[in-house]
Amino acid sequence: MIPHQTPFFLPFLYSSLTWRIGTEKKELYLTFDDGPVSGPTDFVLDQLSQSSVKATFFCIGDNIRKYPSVFTRIINDGHTVGNHTVNHLNGWKTTTEDYVENVHEFQEIISAAGYKQKCHLFRPPYGRITRKEIKALSAYHIIMWDVLSQDYDRGLSPEECLKGTLNACRPGSIIVFHDSYKSEKNMKYALPRLIDFYRDKGYTFKAI
């Protein structure tokens, strides 16, 4: 079973990637993968707005094409945007040339959608990326995670999803949720409760 907290040896093996923010302050970093989509992403944005929380959205380029108004809302609400490839590519099953081209195409899509800034944040789908691809994408800040909510696991109950995620967090944790249809049930249960739980413990949430 995949653990909620990233195994300690991965950050040592891939030290050029960012797995956690180096701080002992009570700060957590919410990130959302695989959107934007109508419904789940709107729910996330509503929750963040109600809690005055900023987060980082690692978007799929093809979903930006399909749901441009939802993407625009992410920008207008003041959140950070990250690159998650155009087609949710698995770096272990894609040539370096095709992978890098897909990552670069993402910038063209967000520019056409009205986001003119250069997107420097990148997260590999599934967390799967080769050392050659990492080197080829050296201009990007590659963001991994310290805590995986596993909200996408339909064999995991919403209560189990929340409990495992709460237990894995620590100061500086980068937490992954998914604003996708597959993850919607668990994410909708766990996200607001996690925010409330750590707010009550004096934590603040920041975007990367």
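**Exercise 1. Determine the hand of the crossing of helix 2 and helix 4, and how the two helices are oriented.**

Step 1. The crossing in which helix 2 passes helix 4 is left-handed. A crossing is left-handed if the near helix is turned anticlockwise from the far one by less than a right angle, and right-handed if clockwise. Helices here are DSSP runs (H or I, at least four residues) and strands are runs of E (at least two), numbered from the N terminus.

This is a predicted model, in which local features need pLDDT of at least 70 and side-chain atom pairs count only at pLDDT 80 or more, while totals for chains, interfaces and linings use all residues. Residues are numbered from 1 along each chain as its sequence is written, and side-chain values use heavy atoms, with hydrogens and water left out.

Step 2. Helix 2 packs against helix 4 (residues 68-76) at an angle of about 20°, and their axes are 10 Å apart. Axes are lines fitted to C-alpha atoms, for helices over the stretch in contact, and angles run from 0 to 180 degrees between N-to-C directions.

Step 3. Angles under 35 degrees count as roughly parallel, over 145 as roughly antiparallel, 65 to 115 as roughly perpendicular and the rest as oblique. Helix 2 and helix 4 are therefore roughly parallel to each other.

Step 4. In the contact (heavy atoms within 4.5 Å), Thr41, Asp42, Leu45 and Asp46 of helix 2 meet Val70, Arg73 and Ile74 of helix 4. By class, this contact of helix 2 with helix 4 has three nonpolar, one polar and three charged residues. Ala, Val, Leu, Ile, Met, Phe, Trp, Tyr, Cys and Pro count as nonpolar, Asp, Glu, Lys and Arg as charged, and the others, Gly among them, as polar.

**Exercise 2. State how helix 2 and helix 8 are packed.**

Step 1. Their axes lie 11 Å apart, at an angle of about 10°. That makes helix 2 roughly parallel to helix 8.

Step 2. Helix 2 contributes Pro40, Phe43, Val44, Gln47, Leu48 and Ser51 to the contact, and helix 8 contributes residues including Met187, Leu191 and Ile195. Eight residues of the contact of helix 2 with helix 8 are nonpolar, two are polar and three are charged.

**Exercise 3. Describe the crossing of helix 7 and helix 8.**

Step 1. The axes of helix 7 (residues 158-168) and helix 8 (residues 184-200) come within 9 Å and cross at roughly 40°. That makes helix 7 oblique to helix 8.

Step 2. The crossing of helix 7 and helix 8 is right-handed. Among the residues in contact are Leu162 and Leu166 of helix 7 and Tyr189 and Phe197 of helix 8. The contact of helix 7 with helix 8 has nine nonpolar, two polar and three charged residues.

**Exercise 4. Locate the cis peptide bond and the residues with positive phi that are not glycine.**

Step 1. The peptide bond from Gly35 to Pro36 is cis, with omega near -5°. Pro36 is found in the loop between strand 1 (27-33) and helix 2 (40-51).

Step 2. Tyr126 is not a glycine, yet has a positive phi of about 65°. Tyr126 sits in the loop between strand 4 (121-122) and helix 6.

Step 3. Gln150, also not a glycine, has a positive phi of about 60°. The loop that holds Gln150 runs between strand 6 (147-148) and helix 7.
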